Amino acid sequence: MSSESCRSNPPLQTALPINFLIIGGGIAGLSCAIALRRVGHHAVVLERKRKADVSSHSGIRLPPNCTKILYHWGLRGILMQKAMITHTLLFSRYESGEFLGTHIWDEGMLKETRGQFMLTTHAELHEVLYDAAIALGADIRYGTEVEEIDPDSPTVKLASGEVLSGDVLVGADGEFGVSRALVLEGRDDGTPTGLALYDTTISQDELLERANFLYEDNGIIVAFGLGRAIVVYPIQDKKELAFQWYGPDEEAIGRYGDQASADIHSVANAVHKDLRAVMSRVRKAVRVSIRDHEDLEDWVAGDSRLVLIGEAAHPFPPGTIQASAMAIEDGAVLAKLFSHLSEERQIESFLYAFQELRQSRVRQVREQEFGGVFYMTLPDADAAAQRDKGLREKAAAGLNALDGSEEASRVWEEMEVIFGYDCEDQADDWWLKWGMLRERALSVDQAAAPSLLDFSKMITQVSSTVIDEENQ
């Protein structure tokens, strides 16, 4: 079997197509629309922004658990055109520029995941998903703002005054959207972590020979600093580099969607001269405050038919590997469950099954992603020195940076589990173990219970009585 997924069988088609209203047309919303259309449901996507304003040209890393799903959906060919495969991580010191080590993704592990590690931009991924959703017949409406949600109807009221109804409402409008606020019964601004991300790009022409080593294997460089870090990788067929700087969050403001107006060069300090020379050439950055948002107990609004997915359900730290991947997994699982829909009574149970399947998975991944950010930016000099010492020793021994030590091995094993996870298989397992069992139990109960309108036994009894009386 090849290292990428190559499922050829068409997906199971629902016996009862219903209407989904998806609030939000970002990565989560479009992925959900694709997945639902693939199994035969109707999907209308409502996005308040214009199409040109939804996506950005910032870099995005797609891990194997994410690309595996996109391959399942028949998007491998277009992804290979828009994105680049990467195999290498390079670690260095932020302050000194010292090389600390390299990690090359194990090909055997990647083969087991049935996916690949890819680099692209948010805009390119958005375009791939948009084109796929349109080709499958999804109705995508830009410039359509949802002002009010009635999850019990279930209906939405648009800013235009129009009211739309559906069988299921899907909140995919992010951590600051109306869907999450409704479930929480209030706005959730999150708790500042003390760190901010400055996200931008730099042209290859500006770097000349400085970044040639990155282009050889589409490498990702990570520079560890005291309370700071840099992540850099090639995008757009190596014409540009994605540049993400982590540092102190003194203002505790900013989010994706804001104007790119921050000057990284003016806020970065103690950086090595080679990195400073690169930073002096980066474009203005979007400044994003890294916040820890409340972990929702429920992704479904009460007993209604409003369910949250993506950042609306589980905000991730910005710039991390798994943020978009988890949103895509959400859409895939929701659609897999609803491919088995045959009666309207199943809708609520499928929504809660979705929540049950996704919550533990997302919590584990989200915890690791926050841990990765804090690991890169360790403010404690002794802890940072211990981390760097271990990397140097492994590099000197010719080992991968994430191999060798007990702690590194534990992290690596966790990554293997995260990358190898197949969310669609998990949804299928739920149906086989619980969904079908529930349906069989209901069938038995219905067969055993006499119908109030079934007069056959009464007629038989009356006929028997009449015959007996005649014979007497």
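Contact here means heavy atoms within 4.5 Å. Keep that in mind as we look around this predicted model, where local features need pLDDT of at least 70, side-chain atom pairs count only at pLDDT 80 or more, and totals for chains, interfaces and linings use all residues. Residues are numbered from 1 along each chain as its sequence is written, and side-chain values use heavy atoms, with hydrogens and water left out.

**The overall picture**

The protein has 17 helices and 18 strands. Those labels come from DSSP runs, numbered from the N terminus: helices are H or I with at least four residues, and strands are E with at least two. Of the 472 residues, 52% are buried. Buried means under 20% relative accessible area, exposed means over 50%, and partly exposed is in between (1.4 Å probe, protein chains only). Now take the contacts with a separation of 6 or more: 75% of them come from residues 24 or more positions apart.

**A leucine in α1**

Let's start with Leu36, which sits in helix α1 (residues 27–38). Is Leu36 buried or exposed? Its relative accessibility is 0%, so Leu36 counts as buried. Leaving aside residues up to four places away in sequence, Leu36 touches Phe20, Ile22, His41 and Ala335. Leu136 is 100 residues away from Leu36 along the chain, yet their C-alpha atoms are separated by 9.5 Å.

**Helix α6**

Next comes helix α6 (residues 122–135), with 14 residues. From first C-alpha to last, α6 reaches 20 Å, close to the 20 Å expected at 1.5 Å a residue. The expected span is 1.5 Å times one less than the number of residues in the helix. Ten of the 14 residues of α6 are buried, so this helix is largely enclosed by the rest of the structure. Among the buried ones are His122, Leu125, Val128 and Tyr130. Just after α6, Gly137 takes a positive phi of about 100 degrees.

**Two helices that pack**

Two packed helices are described by the angle between their axes and the distance between the axes. For helix α3 (residues 64–72) and helix α12 (residues 323–338), the angle is about 40 degrees and the axes are 9 Å apart. Axes are lines fitted to C-alpha atoms, for helices over the stretch in contact, and angles run from 0 to 180 degrees between N-to-C directions. That makes α3 and α12 oblique to each other; under 35 degrees would count as roughly parallel, over 145 as roughly antiparallel, 65 to 115 as roughly perpendicular, and the rest is oblique. On the α3 side, the contact is made by Asn65, Cys66, Ile69 and Leu70, and on the α12 side by Ala325, Met326, Ile328, Glu329 and Ala332.

What kind of peptide bond runs from Ser153 to Pro154? That bond is cis, with omega near -15 degrees. Pro154 lies in the loop between β9 (146–150) and β10 (155–158).

The loop between β15 (229–235) and β16 (240–248) holds Gln236, and Lys238 is in the loop between β15 and β16 too. Here are their values:

| Residue | Phi | Relative accessibility |
|---|---|---|
| Gln236 | about 50 degrees | 24%, partly exposed |
| Lys238 | near 70 degrees | 28%, partly exposed |

Gln236 has its positive phi although it is not a glycine, and Lys238 also pairs a positive phi with being a residue other than glycine.
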